[in-house]
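Please examine the sequence and the 3D structure shown here before reading the report.

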Amino acid sequence: MFSAANYFYHSVKCGKKHLMDFDVAIVGAGAAGISATRYLRAKGLSTVTLEASGRVGGRAWTIDLAGYPLDLGCGWLHSAERNPMVRYARENGFEVIESRTAWFDQWRDIGFKREEQSQAKAAWSALIERMKTIPPKSDLAADALEPNGRWNDYCQSLSGYLNGASLERLSVEDFLAYDSVASDANWRVTEGYGRLIASSLPPGVLKLSCPVRRIAMRGDGLDISTDRGAFNVRAAVVTVSTEVLSSGSIKFDKQADEHLDAAASLPLGLADKLFFQLVGNHGLEPETHLLGNQNDSQTGSYYIRPLGREIIEGFFGGPGAVAIEELGLRDAFLFAEQQLVDRLGGDIRRHLRPILASSWSRMDWIGGSYSHALPGKASKRAVLAKPVEDKVFFAGEATHSSDFSTAHGAWESGIRAGAEVSKTLNP
Ligand SMILES: Cc1cc2nc3c(=O)[nH]c(=O)nc-3n(C[C@H](O)[C@H](O)[C@H](O)COP(=O)(O)OP(=O)(O)OC[C@H]3O[C@@H](n4cnc5c(N)ncnc54)[C@H](O)[C@@H]3O)c2cc1C
């Protein structure tokens, strides 16, 4: 709790002109804010972590339901062999599961013949190859599609899952920056990725339900105004999403205009999950997958019994996620149920219990799922990652040059910003 007592307790004499409450304010307690806090505290700097919502983790969020830890946001440790969270998880007693993913399999080839699956995968690979070898001058990913290609809707659905956006909204340069360094190793953590990240916040000063409203330059430091009082600090690490930045809900001095403009070029795409609990003798095999409709760019992708659990995890991306959020929860579940019925037959209905769904575009203080660069705007990630007057340092997934859109990218960006702050304050 913020109180006059701990205000004075944390006040430190810093320079001749002002009393500082803390060396550094970290704005946002998602993966980036947490890793920045860890880094700065380890360097001996005093920190306050200011989080607008009532919980830690941001887009990393595990909910315990139906006896399972279910991840509403990040769930996969992407590029796992070099993902720093794998080591962190193991060192801290979490169980990392290394099995391969079933994303590209169609269980028993139901409704999607083996031959068609090969053609669809080949069309996706060919699209990426064209982006690499003959990138469209427009930098617009949809311009690399084969005109009237048989698998264009399928490619659009994959873009929805990967980027949260259709190919019309996507920069080729940005897409390739991620694709060229991402590996096929996608692992999981039994206890939940959200739980892993949220539990990694070190003990220290954390203010929940404490939205930051204004960050103002002031002589030798910054004034941070929040709904729970003001803080004087030497520097700030700002980790809020690009959607929050470009909405103007935090006021900055004009020196940050270029950064806010960059954030608007890196909007959050949309991806949503929808969970069914499985009951009774349904006959579905663990660790299998069904694509709802390979000819529909908005189709759901259904992961069946992940980690052997009695769960189906539906995933929607880009326009598909926009559509299910517009439908509302009840109709979104009906849509997903119908796709499963179309694949598995009407009997599956009695085994499905809708239990949980995300609506990331409606999530206060976040406003979407993960960032992508608009065509021609890939360089804006570097702009957003630059410090403002060596006082305001931006972090968060959107500032990573290649692992953007991921939890480990967010984590690494917090460490990058933490190192910059520490170098500036402790030269
Ligand atoms: C459905 C979905 C699936 C995903 N799947 C994966 C996956 O499998 N693997 C993977 O690696 N990544 C995945 N991601 C992406 C990953 O979750 C994010 O990239 C990452 O968690 C972002 O972390 P961050 O710290 O940059 O931002 P955030 O998590 O958004 O953290 C920012 C924090 O700032 C707070 N905040 C906002 N405004 C203010 C304010 N004014 N004052 C104070 N605090 C404020 C927010 O409440 C939030 O807690 C997924 C995301 C979604 C939504």
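The sections below describe these parts of the structure in turn.

## Basis of the report

This is a predicted model, in which local features need pLDDT of at least 70 and side-chain atom pairs count only at pLDDT 80 or more, while totals for chains, interfaces and linings use all residues. Residues are numbered from 1 along each chain as its sequence is written, and side-chain values use heavy atoms, with hydrogens and water left out.

## The ligand and its surroundings

The ligand is surrounded by 37 residues, of which the closest are Glu 51, Arg 59, Trp 76, Glu 397 and Ala 407; a residue belongs to this shell if one of its heavy atoms lies within 4 Å of the ligand. By class, 22 of the shell residues are nonpolar, twelve are polar and three are charged. Here Ala, Val, Leu, Ile, Met, Phe, Trp, Tyr, Cys and Pro count as nonpolar, Asp, Glu, Lys and Arg as charged, and the others, Gly among them, as polar.

A backbone N or O atom lies 3.0 Å from a ligand nitrogen atom in the case of Ala 52, and 2.9 Å from a ligand nitrogen atom in the case of Val 212. A polar backbone atom of Glu 397 is 2.9 Å from an oxygen atom of the ligand. On its own the ligand has 1,000 Å² of accessible area, and the protein covers 98% of this (Shrake-Rupley method, 1.4 Å probe).

Where does the ligand lie? Domain 1 (4-56 + 201-267 + 373-425) and domain 2 (62-101 + 184-189 + 268-362) both contribute residues to the shell, so the ligand lies between them. The domain bounds come from an automatic or database domain assignment.

## A buried glycine

Gly 221 belongs to strand β11 (residues 221-226); strands (E, at least two residues) and helices (H or I, at least four) are DSSP runs numbered from the N terminus. Gly 221 is buried, at 0% relative accessibility (buried is under 20%, exposed over 50%, partly exposed in between; 1.4 Å probe, protein chains only).

Beyond its neighbours within four places in sequence, Gly 221 is in contact with Met 20, Ala 216, Val 233, Arg 234 and Lys 391, where contact means heavy atoms within 4.5 Å.

## Two residues with positive phi

Most residues other than glycine have a negative phi. Arg 108, which is not a glycine, has a positive phi of about 55 degrees. Arg 108 is placed in the loop between β7 (96-97) and α4 (114-133) and is exposed, at 59% relative accessibility.

Asp 390 also has a positive phi, near 55 degrees. Asp 390 lies in the loop between α12 (380-384) and β21 (392-394) and is partly exposed, with a relative accessible area of 44%.

Terms used. A polar contact is a pair of N or O atoms within 3.5 Å; within protein, one must be able to donate a hydrogen and the other to accept it, and residues adjacent in sequence count only if both atoms are side-chain atoms.
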